[in-house]
Amino acid sequence: MVRAPAIPVIIQSPFPVSNQSKSRNFRFKITAKTNFHQDNGHDHPFFQSAITRASYRFQESLRSEPLFVDPYAGCFAPPDLELDRNLDQKLHHYCLGTRFIDDQLLSATKGVDGAKQVVLFTDGMDTRAYRLKWPSATVIYDVSPQAVFKTASQKLQDVGAKIPRSCLLRHVPMESSDIQQLLCDKGFNGSRPSIWAFQGFPVTNLASFKEILFMVSSLAMKGCLFLGEFPLWLTETQIGVKSTVEKWMDDIFMSYGFRVRIIGYDEAAKNLGQERVVGDSDCVLFVAEHLRFSDAEKEIWRREFQRVEEEGDEDGFEEL
């Protein structure tokens, strides 16, 4: 597989790892007492998976030098959650992936020319819209299960979580019959820069992930990034053979106009000054650059070509 050096992968984080104090971490233990799990209907697999990830973020926030701090994850953590006594000595793949995605999103959106459209494929309990310092005028689209997002949003509202000023959060239910059209109806513009992230979104099979690739390819401008954690169980290759997985992913992504690079968790940990992650992950990190024009860009070019052609016909008629 030919790697593309043009794909920007952040090496240094825009903020230090140890910028949170232990005194702040103590506050998160109190937040965890929110009685989220006494409500009805939270035994659905979508809820359980989202709660598990929120628990990982909560425990990461309690480390003396966390990769990130999620002040709202405690709203979703089980009240009987047992904290690992060796918390500071363990690094979870999911938390490393979360930090990796955070850094990529913040880098892509900063500056005057940064992307101001962020599309997140999540499990419904993603708190990035609230906890990251988004630039002014950023619009975050959260594509996730309707029931999980609705319940999580209410809990976040109850603890006073707020979107940064002059930014917007718009939810797109994954159950929608036409997610692409709903994104556009909610304001997404395919002729403006965007960045897309995938983590925790409940895909059911490879076909559903290909539908996402098709949608992103249709809406994202040329040069935009699609990144995140790719579930290895979707691959039709032998798990653990990196070269085989890379080739398979390269073929899948390229068929939709993406040049993809796989980043190992060990590499991501090293770039953050962390020790090697213990054990295997059921996902791989990826960053994919879109090489095609979006449907909106194609339409602009079509209209421009038509205008030039019509003007040429008029000039020719006048000469006659």
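1. A cavity is a set of grid points where a 1.4 Å probe fits but cannot get out. Rolling a probe the size of a water molecule over the atoms shows where empty space is left. This structure holds 3 cavities of 30 Å³ or more. Keep in mind that the model is predicted.

2. Start with the overall picture. The protein has 320 residues, and 49% of them count as buried. Its secondary structure comes to 10 helices and 7 strands. Look also at how the chain meets itself. Among contacts with a separation of 6 or more, 77% are between residues 24 or more positions apart.

3. Now the second largest cavity. About 50 Å³ of space lies in it. Its lining includes Gly-124, Asp-126, Tyr-130, Asp-142, Phe-149 and Leu-169. Helices α4 (128-131) and α5 (146-158) each supply at least two lining residues. Helix α5 gives the most, with 4 residues.

4. Turn to the largest pocket. It holds about 550 Å³ of space. Its lining counts 26 residues. Which of them lie nearest the centre of the pocket? They are Arg-53, Gly-200, Pro-231, Asp-282 and Cys-283. Helix α2 (45-61), helix α3 and strand β5 each supply at least two residues of the lining. The largest share, 7 residues, comes from α2.

5. Strand β1 covers residues 117-121. Is it enclosed or open to the outside? Of its 5 residues, 5 are buried, so β1 is largely enclosed by the rest of the structure. Its side chains point two ways. Gln-117, Val-119 and Phe-121 point one way, while Val-118 and Leu-120 point the other. In a regular strand the side chains alternate between the two faces of the sheet.

6. Strand β1 has partners to trace. With strand β2 (residues 139-144), β1 pairs in the parallel sense over 5 bridges. With β4, β1 also pairs in the parallel sense, over 4 bridges. Phe-121 stands opposite Phe-198 in β4.

7. Strand β4 spans residues 195-198. Ile-195 and Ala-197 point one way from β4, and Trp-196 and Phe-198 point the other way. All four are buried. Phe-198 has Gly-228 as its bridge partner in β5.

8. What kind of unit do β4, helix α7 and β5 make? They make a right-handed β-α-β unit. Helix α7 covers residues 206-219. Trace the path from β4 over α7 to β5 in the model.

9. Phe-201 deserves a look. It sits in the loop between β4 and α7. Is Phe-201 buried or exposed? Its relative accessibility is 10%, so Phe-201 counts as buried, the cut-off being under 20%. Phe-201 and Phe-121 are 80 residues apart along the chain, yet their C-alpha atoms are separated by 5.4 Å. Leaving aside residues up to four places away in sequence, Phe-201 touches Phe-121, Thr-122, Asp-123, Val-143, Ser-144, Met-174 and Ile-212.

10. Val-245 makes a second case. It is found in helix α8 (residues 242-254). With a relative accessible area of 5%, Val-245 is buried. Val-245 and Thr-235 are 10 residues apart in sequence. In space they are 7.1 Å apart, C-alpha to C-alpha.

11. Next, the nonpolar cores. In soluble globular proteins, nonpolar side chains tend to be buried together. The largest nonpolar core here has 44 residues. Leu-96, Leu-105 and Met-125 have the most contacts inside it. Helix α3 (residues 93-109) supplies the largest share of this core, 7 residues.

12. Finish with Leu-96. What does Leu-96 touch, not counting residues up to four places away in sequence? The residues are Leu-67, Leu-91, Tyr-265, Ala-268, Ala-269, Leu-272 and Val-277.

Methods. Residues are numbered from 1 along each chain as its sequence is written. This is a predicted model: local features need pLDDT of at least 70, side-chain atom pairs count only at pLDDT 80 or more; totals for chains, interfaces and linings use all residues. Side-chain values use heavy atoms; hydrogens and water are left out. Buried means under 20% relative accessible area, exposed over 50%, partly exposed in between (1.4 Å probe, protein chains only). Two strands pair if DSSP finds at least two bridges between them. A crossover is right-handed if, with the strands pointing away from the viewer, the path from the first strand over the helix to the second runs clockwise. A nonpolar core is a set of buried Ala, Val, Leu, Ile, Met, Phe, Trp, Tyr and Cys residues joined through side-chain atoms within 4.5 Å. Contact means heavy atoms within 4.5 Å. On a 1 Å grid over the protein atoms alone, a cavity is a set of points where a 1.4 Å probe fits but cannot get out, and a pocket is an open set with protein on both sides within 12 Å along at least five of seven lines; lining residues have an atom within 4 Å of a point. Grid points are joined across faces, edges and corners, and a volume is the space filled by probe spheres set on the points.
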